[in-house]
Amino acid sequence: MEKVVIVGGGLAGARTAEALRRAEFSGELTLVGAEPYPPYDRPPLSKAVMMGDAEDTTLDVDLDALRCRPLLGRRASALRLAETGAGGAVTTTAGEVAFDGLVIATGATPVALPGAGEGAAAEAARIHFLRTIDDARALRAALRAGRRVAIVGAGWIGAEVATAAAKAGCRVTVVEAADVPLAATMGAEVGALAASWYAEAGVDLLLGRKVAAVEPGGLVLADGGWIDADDVLVCIGVRPETGWLAGSGLALDNGVVVDESLRAVTERGEPRPDVVAVGDCAAWWSARYGRRLRIEHWDTALNSPDVAAATLAGRPAIYDPVPYFWSEQFGRMVQYAGWHQGAERLVMRGDPGGRRWAVCWLTGDRLDAILTVDKPRDLVQARRIMAARGHIDPGLLADPEVPVRNAVPS
Ligand code: FAD
C-alpha cells in the first residue's frame with residue numbers, strides 16, 4: 001500500500017494517522033478534514049470550554065512529524081471505488097485524491113429539530129447545536145447571567161451544558177420528550193435516578209413535553225405551552241456523517257457497515273481490505289454481543305484506529321471492546337461500561353438518592369453493564385470483569401461495601 005487517505009480530521013482520523021505510522025506504513029498519508037482546524041478533542045467542548053476554563057482543545061498529534069499532508073477546510077463529497085477491488089479516489093473540494101487505502105472517519109452530525117427552521121429563521125431564533133469548537137465558542141458567548149437558555153433534550157450533552165449554563169447564572173429550562181432524562185440510552189428506571197439533579201442545580205426540567213417549533217423569543221410546545229428563551233440549544237442526538245458515501249457501493253446502515261476487523265463491507269456483502277472505518281461513523285460487527293454496534297463515544301474513536309491500521313497493513317486484528325463512556329454533569333462524574341440491551345434485571349449498589357452509587361445490569365449471573373456515579377473504582381473493576389466475560393455473585397454485588405472485584409465467585 002503506497003497512498004492512504006484519511007477522510008475526517010477528528011480524534012479517530014488523527015489517531016489512525018498515528019497508528020498507521022506505528023504499524024510501519026511508510027507511504028503517502030493525506031488527511032482530508034472539513035473543519036479548518038487541526039484535529040481537536042470534543043468532550044471538553046461541553047465541559048471545560050463551556051465553563052470558560054479552556055479555549056483550545058487541539059490534540060497532541062503532530063501531522064508534520066507523521067508526514068501526513070493535511071487538507072483542512074476541505075470536504076469529501078463522493079467516493080469512487082476501483083472496479084478491480086482495490087483502491088479508488090475521493091472527490092473533495094480540493095479536487096480528486098487517489099488512494100490505495102482509505103480510512104473513513106467522518107464522525108457524526110447533530111440531528112436537527114423538526115419545526116426548528118433553517119438559515120435566517122434559525123439564526124433569528126438563536127438556535128445552537130454543539131459539535132464543533134466554533135459551536136462551543138458561540139454557545140459559550142451566549143451563556144451570560146440572567147439570559148434565558150432552553151435546551152431541547154435531556155441527554156448527556158444537554159445535561160452538561162445545563163450544568164455550565166446554570167453555573168454562569170443563566171435561567172435554564174431543559175425540555176425532554178421522554179418521561180425521564182437519559183431515557184434513550186439508559187432506560188426509564190435508571191434515567192429517572194438523574195431527574196433530581198436538575199432541580200438541585202436550579203435547572204427547570206420539563207419531562208414528557210415535545211417541542212413543536214422554535215421561534216424568536218422561545219419554544220412552542222406541542223401541547224400549546226410556551227417557554228421563553230433568548231438562546232436555544234438543540235441536542236436530540238447525532239447521526240453518522242455518511243452522506244458523501246451514497247452511491248459508492250459501500251453498505252450503509254446506521255453508519256458505515258464494517259466487519260470485526262473494521263473493513264468496510266460492500267452492498268454485495270464483501271469486505272474490502274483496502275477500506276476501513278473508525279470512530280462515530282463505524283457500525284462494526286461485535287462477536288461479543290452478536291450484533292452490529294455503533295458507539296458515539298470517545299473511547300471508540302481512541303481505540304478503533306489501532307485495529308483499522310493493522311487491518312490496512314494486512315495484519316489480523318479484531319475490534320470487540322466492552323463499550324465505555326463518561327459524562328460530567330451537575331458536579332458528578334457519571335461513567336458507563338457494557339451493553340445492557342436485553343439484560344434481565346438491575347442491581348443497585350448504594351442509595352441513588354446519595355452522592356455515590358452504581359447500578360448494574362445483569363442476565364443470570366453475567367454482568368452486562370454498569371453505570372457509576374462518582375464511583376470510578378466500581379467502574380474499572382466491573383469493566384475488567386466484563387472484558388474477561390467473568391461471572392458475578394448478584395448478592396455480593398448488591399452490597400456497596402464489597403468491592404466489585406470481590407463479587408466474582410472464586
Ligand atoms: P468527529 O469527532 O465527529 O470527527 C469527524 C470529523 O470529520 C469532523 O471534524 C468533521 O468535520 C469531519 N468530516 C465530516 N464529514 C466530512 C467530509 N465529508 N469530508 C471531510 N471531513 C468530514 N464522548 C465520551 O465518551 N464522553 C464525553 O464526555 C463526551 N463528550 C462530548 C461532548 C461533545 C460536545 C461532543 C460533540 C461529543 C462528546 N463525546 C463524548 C463524543 C466524542 O467526542 C466522539 O465520540 C468523538 O469525537 C468521535 O470522534 P470521530 O473522530 O469519530 O468523529
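**Close-up 1. Helix α8, residues 298-312, in a predicted model.** At 1.5 Å a residue, the 15 residues of α8 should span 21 Å, and the end C-alpha atoms are 22 Å apart, which agrees. The expected span is 1.5 Å times one less than the number of residues. Helices (H or I, at least four residues) and strands (E, at least two) are DSSP runs, numbered from the N terminus. α8 bends by about 30° at Ser304. Pro305 follows within four residues. The bend is the angle between axes fitted to the seven residues ending at a residue and the seven starting there. After α8 comes Gly314, with a positive phi near 80°.

**Close-up 2. Thr106, in the loop between β7 (101-104) and β8 (108-110).** Thr106 counts as buried because its relative accessibility is 18%. A polar atom of the Thr106 side chain lies 2.8 Å from the backbone oxygen of Glu241. Beyond its neighbours within four places in sequence, Thr106 is in contact (heavy atoms within 4.5 Å) with Val7, Gly8, Glu241, Trp244 and Cys281.

**Close-up 3. The hairpin of β13 (residues 211-215) and β14 (residues 218-221).** The two strands pair in the antiparallel sense over 4 bridges; pairing requires at least two DSSP bridges. Val211 stands opposite Leu221. Between the strands are 2 residues, and Gly217 takes a positive phi near 100°.

**Notes.** Residues are numbered from 1 along each chain as its sequence is written, and side-chain values use heavy atoms, without hydrogens and water. In this predicted model, local features need pLDDT of at least 70 and side-chain atom pairs count only at pLDDT 80 or more, while totals for chains, interfaces and linings use all residues.

Methods. Buried < 20%, exposed > 50% of the residue type's maximum accessible area, 1.4 Å probe, protein only. Polar contact = N/O pair within 3.5 Å; in protein donor to acceptor, adjacent residues only side chain to side chain.
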